[in-house]
Amino acid sequence: PLRVRVDALTPTILLGVREARHLQVLRLTPGDSLRVFDGQGSEAEATLTELTEVGAVLTLGAGVQATAETPQPVTLAIALLKGDKLSDVTRAATELGVARIQLLITRHADAREIGTQKLLRLRRVAEEASKQSRRAVTPEILEPMPLAEFAWSGTLFLAHPGSRATLAEHLNWQAPVTVLTGPEGGFSDPEVSQLQQRGAVLVTLGPRILRAETAPIALLGAIVATGV
Ligand code: SAM
C-alpha cells in the first residue's frame, strides 16, 4: 500500500493540498487503504474517506509493527565534509538504518559550520530515503557540535586506519551503537587518544584507505550484513 507521512497518528487525519494531489495522481478513491507513519517509529493502516482538490481525510486503522528498525538505535557521527558529500552519505546511511546522524566539527574537518539551507536539504534527503526504504523512522540530522562535546551512550566504534579490531567482533545489541568516521584529513592523534580514553572501540575497515564519504557506508554496511 501507499505510505504517507503524517504529523501524528490521530483517529482522523487531515491531509493538505499537496498530499491530496498526490493521491489523485495515483488515482486513489475513497475506500482505498493506505499506510500512515509519523517518522518517529509509529505506523498504522488507514482508509481514505474523502478526497477533494484541496485536501483529504483519512481514518486511522490498526497499528502496524514497524519492523524496519535495528534492535538498538544506530547513530552515525561524522565530521563535516566538503560540497554535497553529506547528502550522499545521508541517503545511504538512511537506507542502512541509522536512527540519527550527528554532524561533528573536528580538528581537520572540511568546514566549521553548515548553512541552514544545507542542513534542511540533508533533512529532506533523509525523509525521501526513509520513504524509499520503507522505514517508519526518519533519521534526525543534528546540527554540528565539537567532537570534544559529543557524548554517546552504549558502544562507540571509531573507524581509524591501522586499528586491529573489527566492528563485527565487538557488535552486540545490549546497548545503542554509534559509528564515528573522520574527515578526509582523518582524526588528530589527541582526538583519537581522547576518544579511546572515553571508551571508544577503534576499528579497521581493512588495509585500504577509504574516502571520508565511503568509510561510514562501509561501517554501516558491516552492521546490516549481520542481518539486522
Ligand atoms: N590520512 C587519514 C588518516 O590516516 O586517518 C585518512 C583519513 S580517511 C580518508 C577518512 C576517514 O575514513 C578516517 O578518518 C576514518 O574514519 C575512515 N577510514 C578510511 N579508511 C579506513 C580504514 N581502512 N580503516 C578504518 N577507518 C578508515
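This is a predicted model: local features need pLDDT of at least 70, side-chain atom pairs count only at pLDDT 80 or more; totals for chains, interfaces and linings use all residues.

Trainee: Which way do the side chains of β10 point?
Mentor: V177, V179 and T181 point one way, while T178 and L180 point the other way. All of these residues are buried.

Trainee: What sits beside β10, and how many bridges join β6 to it?
Mentor: Five bridges join β6 to β10, and the two strands run parallel. Within that pairing, T75 has T178 of β10 as its bridge partner. Strand β9, residues 155-159, also pairs with β10 in the parallel sense, over four bridges. There, L158 has L180 of β10 as its bridge partner.

Trainee: Let me turn to L76. Where is it found?
Mentor: L76 is in strand β6, which covers residues 74-79.

Trainee: Is L76 buried or exposed, and why?
Mentor: L76 is buried, because 28 other C-beta atoms lie within 10 Å, and the threshold for that label is 20 or more.

Trainee: Which residues does L76 contact, leaving aside neighbours within four places in sequence?
Mentor: They are A93, V98, I101, V179, P216 and L220. Among them, V179 belongs to the group in β10 that points one way with V177 and T181.

Trainee: And how does L76 relate to L219?
Mentor: L76 and L219 are 143 residues apart in sequence, yet their C-alpha atoms are 9.5 Å apart in space.

Trainee: Now the ligand. Which residues come nearest to it?
Mentor: There are 17 residues around the ligand, and A159, G182, G186, L205 and A215 come nearest.

Trainee: How does that shell divide by class?
Mentor: The shell around the ligand has eight nonpolar, six polar and three charged residues.

Trainee: Last topic: how is the chain divided into domains?
Mentor: Domain 1 spans 3-64 and domain 2 spans 74-224. Their C-alpha centres lie 34 Å apart.

Trainee: How many residues are in contact between the two domains?
Mentor: Seven residues of domain 1 are in contact with five residues of domain 2. On the side of domain 1 that touches domain 2, the residues divide into one nonpolar, four polar and two charged.

Note on methods:
Residues are numbered from 1 along each chain as its sequence is written. A residue is near a molecule or strand if its C-beta atom, placed from the backbone, lies within 6 Å of it. Ala, Val, Leu, Ile, Met, Phe, Trp, Tyr, Cys and Pro count as nonpolar, Asp, Glu, Lys and Arg as charged, and the others, Gly among them, as polar. A residue is buried if 20 or more other C-beta atoms lie within 10 Å of its own, exposed if 12 or fewer, and partly exposed in between; C-beta atoms are placed from the backbone. Two strands pair if DSSP finds at least two bridges between them. Domain bounds come from an automatic or database domain assignment.
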